Amino acid sequence: MERNILLPWGEMNIPCRVYEPDFSDVDQVVIGVHGFGGNKDSSVLRAVAEEMYFYRTATIVFDFPGHGESAASSLELNLRNCKGCLMAVAELAQELYPHVEKFGLFASSFGAYVGLYALDDLMEELGRVKIVLRAPAVRMNKTFLKLARIDEESLLKKGRVICGYERKMEIPYSFYEELLKTNVVADYDLPMMILEAELDDLVDAEDVEFFRLLNGKACLVTIPGAGHRFDHEGELDMIVDLTRDWYLCEEVLLCEYT
């Protein structure tokens, strides 16, 4: 079952979608976070949510400012607002399912960056969270320049850049400055699964692998031949299978991926 919720937060409303099993009670909630230029309608988020139906799990996804159906403009896209949206959704999860004590985070690219930026507050709000990071843009300043197809000097001169996919966004230099100043590459001392694309052209492998070295409890899984979008045949199934196993027992059970 799906339902849409417009969640008030400050002066903006956050478009959310809740996927929940209609044949059993919910005993786990996963929060899904899309990447830069994406939205809550992500095929990956939907596939994960539909798989987790069978394991008494609800999934809540939402749109960042300037993305998807958000009425907020891209000029309101900053780390404070993105973190605030994520935390508001975490509170919504608790309101909808007050009996649930098991939570998960499935976050892609920029969403993974925001998730790490908010992780301390998220853990304080929800308790222990099972974490899956897909193609995490741990050096988001570098990934942003690649996404926008611009170099730092040109961005500084122009002051802003237009980028995005289905919805174009006007991104000021100040957003890039914020990314430069905000480092999420640290030791979080938590189990997490990192799904890396072998041929990712937006997230540098050396950054992800250095992040993994800092996080001794993390499990890094590289999908052979995959690009940033994981859109080749069979790759979505791999992501779903690995994610399901992680949320059920925090292990990579498929031996070919270890």
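Biologist: Which residues of helix α4 are buried, and what do they pack against?

Modeller: In this predicted model, helix α4 covers residues 119-126, and its buried residues are L119, L122, M123 and L126. Seen down the axis of α4, these buried residues fall within an arc of 95 degrees, so they line one face of the helix. That buried set packs against β3, α2, β5, α3 and β6, while the face turned away from the buried side carries the exposed residues D120 and E124. After the helix comes G127, whose phi is positive, near 85 degrees.

Biologist: Is L79 buried or exposed, and which residues does L79 touch?

Modeller: Burial is judged by relative accessible area, with under 20% counting as buried; L79, at 1%, is therefore buried. L79 has its place in helix α2, and, leaving aside residues up to four places away in sequence, L79 touches F110, Y113, V114, Y117, E178, L179 and T182.

Biologist: How many salt bridges does a search of the whole structure find, and which residue pairs with D121?

Modeller: The search finds 18 salt bridges. In one of them D121 is paired with K83, their closest N and O atoms being 2.7 Å apart, and this pair links distant parts of the chain, since D121 belongs to helix α4 and K83 to helix α2, 38 residues apart. D121 counts as partly exposed, at 30% relative accessibility.

Biologist: Where do E153 and K157 lie?

Modeller: Both lie in helix α6, four residues apart, which is about one turn of the helix, and they form a salt bridge with closest N and O atoms 3.4 Å apart. E153 is exposed, with a relative accessible area of 53%, and K157 is exposed as well, at 67%. By contrast, D245 and R244 are both buried; their salt bridge has its closest N and O atoms 3.1 Å apart, and E51, D241, R244 and D245 are linked in a network of salt bridges.

Biologist: In what sense do strands β7 and β8 pair?

Modeller: They pair in the antiparallel sense over five bridges, forming a hairpin with three residues between the strands, and C163 stands opposite M169 in β8.

Biologist: Which residues form a nonpolar patch on the surface?

Modeller: The patch is formed by F23, F54, Y55 and L248, with about 430 Å² of accessible area together. F23 is placed in the loop between β2 and β3 and is exposed, with a relative accessible area of 52%.

Key
Residues numbered from 1 in each chain as written. Predicted model: local features only at pLDDT ≥ 70, side-chain atom pairs only at ≥ 80, totals over all residues. Heavy atoms only, no water. Patch = residues over 30% accessible without salt bridge, like charges linked within 9 Å, V, L, I, M, F, W, Y side chains within 5 Å. Areas by Shrake-Rupley, 256 points an atom, 1.4 Å probe, with all protein chains shown as cover. Salt bridge = Lys/Arg side-chain N within 4 Å of Asp/Glu carboxyl O. Helix = DSSP H or I, 4+ residues; strand = E, 2+ residues; numbered from the N terminus. Buried < 20%, exposed > 50% of the residue type's maximum accessible area, 1.4 Å probe, protein only. Arc of directions from axis to C-beta. Contact = heavy atoms within 4.5 Å. Pairing = 2+ DSSP bridges.
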